[in-house]
Amino acid sequence: MPDEGTTSGIKPVSLDIALAGESVSRITAQNDAQAVMGWLAEYSDSPQTWKAYRRESERLLLWLIDQRLTLADVNREMLRRFEIFLADPKPREQWVGPSKPRAHPAWRPFRDALAPSSRRQSLVILQGMFAWLVEAGWVSHNPFRLMRDKSRRLNNQTPRIERYLESDLWAWLWQWLNNPIAAEEGSRAYFEHARRRFIFGFAYLLAPRISEMADARMGDFQRSEGRWWWSVIGKGSKVARIPLPEDMLDCLRQWRKVLDLTELPSQLEAETPVLRALDRKRGLGHNQLYRLIRGTFQQAAEVLEVSNGPPEHVTALRQATPHWLRHTSITHQAQSGISLRHLAESARHARLDTTSRYLHTEDSEWHREQQRHRLSNLRSDDSL
């Protein structure tokens, strides 16, 4: 667990401040933080999973330190208190703040209070952590096993994906992203405009995760037997090859033109980053990409609100995170008629039921059929 960075009353968990557990340990740990690091090490081959798990375990450890408790003290009542805390971290100045590097004095564990789905996800992760710590002998029991409604609250397979942009909202956003900028705004503005357009086109057409976009190299776009593919190392270090739609090739051509590169990439560009910083040479970091996309959503929300757009669309844009782009891409691919099998391969889902969460076509059909049931179809019968 990182130990750099200090805030007013809170800092990333240091290995020398978390107290040791009381069980007979089967791991070489001296305190809670080291025990959790042992659990996190099991996910070292999946950087994004590791990062998400560190975030949730760190929030719990920081809360326990603030309460003068250890992992061994966590019981069912503590879980109730912690879930309430996740829904409303207080005092906010201690726990909530803008996105900052971990070493920054203004770093905080939360960007905001967690929504119900995020709280559920946090508890799912921590439930698995406690199961591992029990096996490791670091704690004597898993308090999550006492949850009476565990199957409902800790089921990570939510019925379907709702965090995506509906088709008409995406159409508006894409048109807004393509609005030309005035020549007098300068070369930097032109570059940022072109980069933003490419990022959103890339995200919508190929459904990459943030880390996959940031780590993409020009040489990952490859031609085989006359067809273009994108090779990507995804979650769990799994290698996949995704077909490139013609629109993605067009986006790539336009972006490479901005970068003063040849029309299409070659294998000689294996280490050349796709996304670039303002110097047009260095790659764009994960956090930089996250902030760029999030900022674009916020700017779009302001523009739409000023133009009296639908309030629900403004709200969606304000709530949207970069991962919504992946959800939007997969959902719209499903709506366009791409088969579930191919959609699962493009999304790189291990299970078809994960992909099926993006299918909303049955709702439309059900809604259409339900319109047959009408009061206007009733006729009075004088014989009654």
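Biologist: How many cavities of 30 Å³ or more does a search of the whole structure find?

Modeller: The model is a predicted one. A search of the whole structure, counting cavities of 30 Å³ or more, gives a total of one.

Biologist: Which element gives the most to the lining of the largest cavity?

Modeller: The largest cavity, with a volume of about 40 Å³, is lined by A203, P208, R209, I210, M213, P322, H323, L325 and R326. Two elements give two or more residues to this lining, namely α9 (210-215) and α13 (323-335). With three residues, the element that gives the most is α13.

Biologist: Are the axes of α1 and α5 roughly parallel or roughly perpendicular?

Modeller: The axes of helix α1 (residues 32-40) and helix α5 (residues 116-135) come within 10 Å of each other and cross at roughly 105°. Angles of 65 to 115 degrees count as roughly perpendicular, and therefore the arrangement of α1 to α5 is roughly perpendicular.

Biologist: Which strands are the edge strands of the open sheet?

Modeller: The open sheet is formed by three strands in the order β1-β2-β3, with antiparallel pairing, and the twist from one strand to the next averages 35°. An edge strand pairs on one side only, and the two that do so are β1 and β3 (239-243).

Biologist: Which residue of β2 is the bridge partner of R223?

Modeller: Strand β1 (residues 221-224) and strand β2 (residues 227-233) run antiparallel and are joined by four bridges. Within this pairing F221 stands opposite W230, while the bridge partner of R223 in β2 is W228.

Biologist: Which residue in the hairpin of β1 and β2 takes a positive phi?

Modeller: The hairpin has two residues between its strands. The positive phi, near 55°, is taken by E225.

Key
Residues are numbered from 1 along each chain as its sequence is written. This is a predicted model: local features need pLDDT of at least 70, side-chain atom pairs count only at pLDDT 80 or more; totals for chains, interfaces and linings use all residues. Side-chain values use heavy atoms; hydrogens and water are left out. On a 1 Å grid over the protein atoms alone, a cavity is a set of points where a 1.4 Å probe fits but cannot get out, and a pocket is an open set with protein on both sides within 12 Å along at least five of seven lines; lining residues have an atom within 4 Å of a point. Grid points are joined across faces, edges and corners, and a volume is the space filled by probe spheres set on the points. Two strands pair if DSSP finds at least two bridges between them. Axes are lines fitted to C-alpha atoms, for helices over the stretch in contact, and angles run from 0 to 180 degrees between N-to-C directions. Angles under 35 degrees count as roughly parallel, over 145 as roughly antiparallel, 65 to 115 as roughly perpendicular and the rest as oblique.
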